[in-house]
Amino acid sequence: RQAASRAMGGSVDSSAVAGADSVSAFRDLVASGGFGAGAARVKAELPKEPKTLMARMLVVNALADTLLRGTRPPDALFAAVWLRAVGMRPVRETSHPFDPKASLRGSVTILGASTVGVTLHPRCSLPAGCALVLTDARGVVTRCEGVGPSATPSGSSSHADACKRWPTKMPSMAGPTISYDIEVPEGMTEVDAHAWGVAFTLNGEKSLSGSRQKALVAAHEHELGFALRGITQGWTPTKDSDLCRLARQACQRVNSGDSGSKGKSKKSSSVTPTTMDLADLCVATPSEALRFQALDSMPVLHLRMRLELLRAFNAALAPCLPAFALNASRPWTTGYKLRALSHCIFLDVKRDVLKSWLSATEVHSTSMPTLRLNNFKETAAEASGDTSLENGGIFVQAFECFRSVSPSGFRGLVDESNKKVFEVKFEGEEGIDAGGVYREGLTRIVESAFSPHLSLLVATPNNLRSEGEGSNAFVPNSAHDTPRATEMMQFLGRFMGLSLRHESCLPFEFPSIVWRRLLGQAPTFSDFAGLDVAAA
């Protein structure tokens, strides 16, 4: 237990680890290779639900190692990932672009499935004269004819119909076995075949009993070792980050009803990377292929297994994230690993933890002075060219007003109905504030700080040249090292906290390197390019 506690990066309540379940979980993880590299044969078994906090934390640690370092996950956890991503949703695909010499022919059996749904990749296309032929267990044949750059089901009666792509969702077919074949005219070469190719997913029943799950895993035990390489090898933080972005984009496509399927219910608006159908995860358009070039060259199967691994990681992490010391500085601690994997933690998991922390530090009663802003002073400062920290601009006026207010004063609301932390008045522009004046005041304060008219921050080289990423970004001015400058930066930080706590969405124009350092992460080459693309 002591060794496990050290691995978590902080102290662990003894009541959470007292019992055989935690000890056996730790032993099983080590034995299965959860804390080290491994390969070869994967044991076909399914995991047991962790019963204690310590057992869950050990699972998180093992999956964090897999995502961060490519180490072999516990066999039972990997088998569960394979089952949900592949076993119950087999994928078949040709090469991309389509190669007529590479045959795609065979059959798939989904144990226990009386009906099988077929989901075609949105970019499916075959050359004219080719066809995808699907045959179900009753002998019913479905053909999708190729027509060049795009494709259409057989039976189209006009040229307009022939230019449509195949529907993404096909009618259900009789299971459990589906045969597939791609018919290619004799003598066709790659030069003649200007088409993306084919990829389709077979969807069995959405839920299986425990015994049927075990039978399905056991029947495909020989495949697990090959699948393991696809889920652990060749992945980088950039690819994982792109995969999460692709999943969110796929959810937006489904929620907007633009997924190619018909009859989407209104409940689809709740689809997230945690709940989405893996059949909807794909690089769906040529424009997405440009945005996600590294993912576009990967098999669809590998994308879906990796996302399912991310889902397993987030499911294990969600109930125990507050138990980790996220400020841990030792690389072997789980808290340190979680910071490095921030791009792999889903927004809903982060949001739940953030809400709990905000709730725990909320102030229910507050007394804040009314902020009186003078636009004439701001205009006079800009006209005089005074960029000093005492120039009388909007940000300086706000700083002087709230300089003596404690940080906790920004955690409460003086007007809950309009979510106002303090009252704002513009001198010479009196009026009734129903929230609009307050909102304008917040925005003006932040814009005044991120401005060439105040030297607290300075524009980045990219900003000065209006090129590259961060072309509107500012960084702290190293020339200011006085106590007043430090106080003003702290004041700006309180406004960042205000914006986060009360969802004000204020325009803090910092480059990525500043945000990364605030998270305690090392800068990357792209961060430096976000400062000065010419020097990078």
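A: Happy to! A nonpolar core here is a set of buried Ala, Val, Leu, Ile, Met, Phe, Trp, Tyr and Cys residues joined through side-chain atoms within 4.5 Å. Buried means under 20% relative accessible area, exposed means over 50%, and partly exposed is in between (1.4 Å probe, protein chains only). This is a predicted model, in which local features need pLDDT of at least 70 and side-chain atom pairs count only at pLDDT 80 or more, while totals for chains, interfaces and linings use all residues. Residues are numbered from 1 along each chain as its sequence is written, and side-chain values use heavy atoms, with hydrogens and water left out.

Some background first. The chain has 536 residues, and 46% of them count as buried. It contains 21 helices and 13 strands (DSSP runs numbered from the N terminus: H or I of at least four residues for helices, E of at least two for strands). Among contacts (heavy atoms within 4.5 Å) with a separation of 6 or more, 74% join residues 24 or more positions apart.

In soluble globular proteins, nonpolar side chains tend to be buried together. The largest nonpolar core in this model has 59 residues, and the members that touch the most others are L295, L307 and F313. Two or more residues each come from α4 (53–69), α5 (75–87), α7, α8, α9 (237–255), α12 (300–317) and α14 (347–360). Let's zoom in on L295: once residues up to four places away in sequence are set aside, L295 touches W235, K239, D242, L243, L246, V283 and L303.

Two packed helices are described by the angle between their axes and the distance between the axes. The axes are lines fitted to C-alpha atoms, for helices over the stretch in contact, and angles run from 0 to 180 degrees between N-to-C directions. Start with α5 and α7, whose axes are 10 Å apart and pack at an angle of about 90°. That makes α5 roughly perpendicular to α7 (65 to 115 degrees; under 35 is roughly parallel, over 145 roughly antiparallel and the rest oblique). On the α5 side the contact uses A79, W82, L83 and G87, and on the α7 side Q213, L216 and V217. By class, five of these residues are nonpolar, two are polar and none is charged (Ala, Val, Leu, Ile, Met, Phe, Trp, Tyr, Cys and Pro count as nonpolar, Asp, Glu, Lys and Arg as charged, and the others, Gly among them, as polar).

Next, follow α7 (residues 210–219) to α8 (residues 221–232): their axes come within 5 Å and cross at roughly 75°. So α7 and α8 are roughly perpendicular to each other too. V217, A218 and A219 of α7 meet E221, H222 and L224 of α8. This contact has four nonpolar residues, one polar and one charged.

A salt bridge is a side-chain nitrogen of Lys or Arg within 4 Å of a carboxyl oxygen of Asp or Glu. That rule gives 25 salt bridges. In one of them, E49 and R56 meet at 3.1 Å, N to O; E49 is exposed at 56% relative accessible area, and R56 is partly exposed at 24%.

R403 pairs with E400 at 3.9 Å, N to O, and with E487, where the closest N and O atoms are 3.1 Å apart. E487 sits in helix α19 (residues 483–501) and R403 in the loop between α16 (394–402) and β11 (424–426), so this pair ties together parts that are 84 residues apart in sequence. R403 is partly exposed at 36%, as are E400 at 40% and E487 at 28%. E390, E400, R403, R484 and E487 are linked in a network of salt bridges.

One last stop is L531, found in helix α21 (residues 525–531). L531 counts as buried, at 19% relative accessibility. Beyond its neighbours within four places in sequence, L531 is in contact with T460, P461, N462, V475, P511 and I513.
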